[in-house]
Amino acid sequence: MARHFFLSVAALAAFTTPALAVEKVDVLDTYADIAAAKYDDSLTTAQHLQAMVNALVATPSAANLTAARSAWLAARVPYQQTEVYRFGNAIVDDWEGKVNAWPLDEGLIDYVDASYGGASDENALAGLNVIAHPNFTLSGADIDATNITPALLEDALHEADGVEANVATGYHAIEFLLWGQDLNGHGAGAGNRPWTDYAVGNACTHDNCDRRGAYLTAATDLLVSDLEWMTAQWGEDGAARAQVMSNVDTGLAAILTGMGSLSYGEVAGERMRLGLMLNDPEEEHSCFADNTHNDHYYDGLGVQSAYIGEYVRVDGTLVSGASLSDLVSEADAALDAEVQEKLSATMMSLGRIKTTAEAGFAYDQMLERGNDAGEALVMGGVNGFIDQTRSIERVVTVLGLDQIAFEGSDSLDDPNAVFQ
């Protein structure tokens, strides 16, 4: 027997009445909520890294070194997804150099291979080796580094002499202390620091194992405290949240500045295209751990997240809400579909780099001159980021925002300048 369904007037109206327009302030709320979640996840995973580092230093072993490395890799997953907040948010950009600066002259920190060289006209401290020298002179002042503390790293060493390559803090300093130099060039393999670099007594290799452990502990403690601070900035009473929420149009411009600048000048240009032009295995964002494929992938995911207003936390829960995509869709549905399609295409290209690297063809191998397969993979990501940036520029216009100048890169805008 046929069944008949009847709708009330109110129910019928629900099908025929257009949904209320998305409020810009709600889009900004989602953006800030997701920032808070990402930084909180970054903090949680860094605290786990801290626990593993403490275990390694207290009880050095191959297993504890492996556990600390695994914790570092896990900590990078949420953090890389926060990089989209850097451009457009001065509070983040002013702070970011403390936690994610690269590349670094690792000879500032610890022993390096003879092929590395040492002091140069560009950096007189490139071979300082703080771990081996409890006392040294810096900018004409005598420095007592007998006790390696977070304050020493942050106040005296980081970007010492005004040289950006003097990176003494953050993820990549910790990465170097866990993996050591990658001396394989374009060959297979990451850094291979022995666990005995943290051993005690006669088992210690490369000397100064106690000071190496102190440096690693101090750098990790500082990372945790820095992430605690930034997480608070995106809380309900945080300064970063307040800044974004203070004006809806400047807040929307901050979202788009982050998306476009990270996509174009930073990742497509400085982190991907430049490395391919120079064919330099050192032009990796995580060159010691061979983790660059994940850095690029999660940067891309962060851009996509900022647009669609969704983030999956490390515990699997979803943070979502009114999004830039919703706002664009109301103004120009075709453009919203275009942006989403391009973001997805970029993620597919980055996914190919990621899966290929995980199968054994590492990112530094892809950068080798004459490696057509590697170049095609990397350029797939570069072109995806560039292409999505063109659509992001159109979003700025459709939303009626003031023109935004996205971060550029000589490798994309003036390739000849790279070799001058």
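The torsion about the S-S bond of Cys-204 and Cys-209 is about 95 degrees, so the disulfide between these residues is right-handed. In this predicted model, the sulfur atoms of Cys-204 and Cys-209 lie 2.0 Å apart. A disulfide is a covalent bond between the sulfur atoms of two cysteines. The model contains one such disulfide. Cys-209 is buried, because its relative accessible area of 6% falls under the 20% limit. Cys-287 is also buried, with a relative accessible area of 10%.

Confidence was examined along the chain. The average pLDDT is 93, and 95% of the residues reach a score of at least 70. Over residues 1-18, pLDDT stays under 50. For this segment, residues 1-18, the model has two contacts beyond four places in sequence. Where pLDDT is low, the predicted coordinates should not be read in detail.

The nonpolar interior was considered next. In soluble globular proteins, nonpolar side chains tend to be buried together. The largest nonpolar core of the model has 112 residues. Within this core, the residues that touch the most other members are Leu-178, Tyr-215, Trp-234, Leu-256, Met-259 and Leu-324. Helix H2, which spans residues 24-58, supplies the largest share of the core, with 14 residues.

Conventions
Residues are numbered from 1 along each chain as its sequence is written. This is a predicted model: local features need pLDDT of at least 70, side-chain atom pairs count only at pLDDT 80 or more; totals for chains, interfaces and linings use all residues. Side-chain values use heavy atoms; hydrogens and water are left out. pLDDT is the predictor's confidence in each residue, from 0 to 100. Contact means heavy atoms within 4.5 Å. A disulfide is a pair of cysteine sulfur atoms within 2.5 Å. Buried means under 20% relative accessible area, exposed over 50%, partly exposed in between (1.4 Å probe, protein chains only). A nonpolar core is a set of buried Ala, Val, Leu, Ile, Met, Phe, Trp, Tyr and Cys residues joined through side-chain atoms within 4.5 Å. Helices (H or I, at least four residues) and strands (E, at least two) are DSSP runs, numbered from the N terminus.
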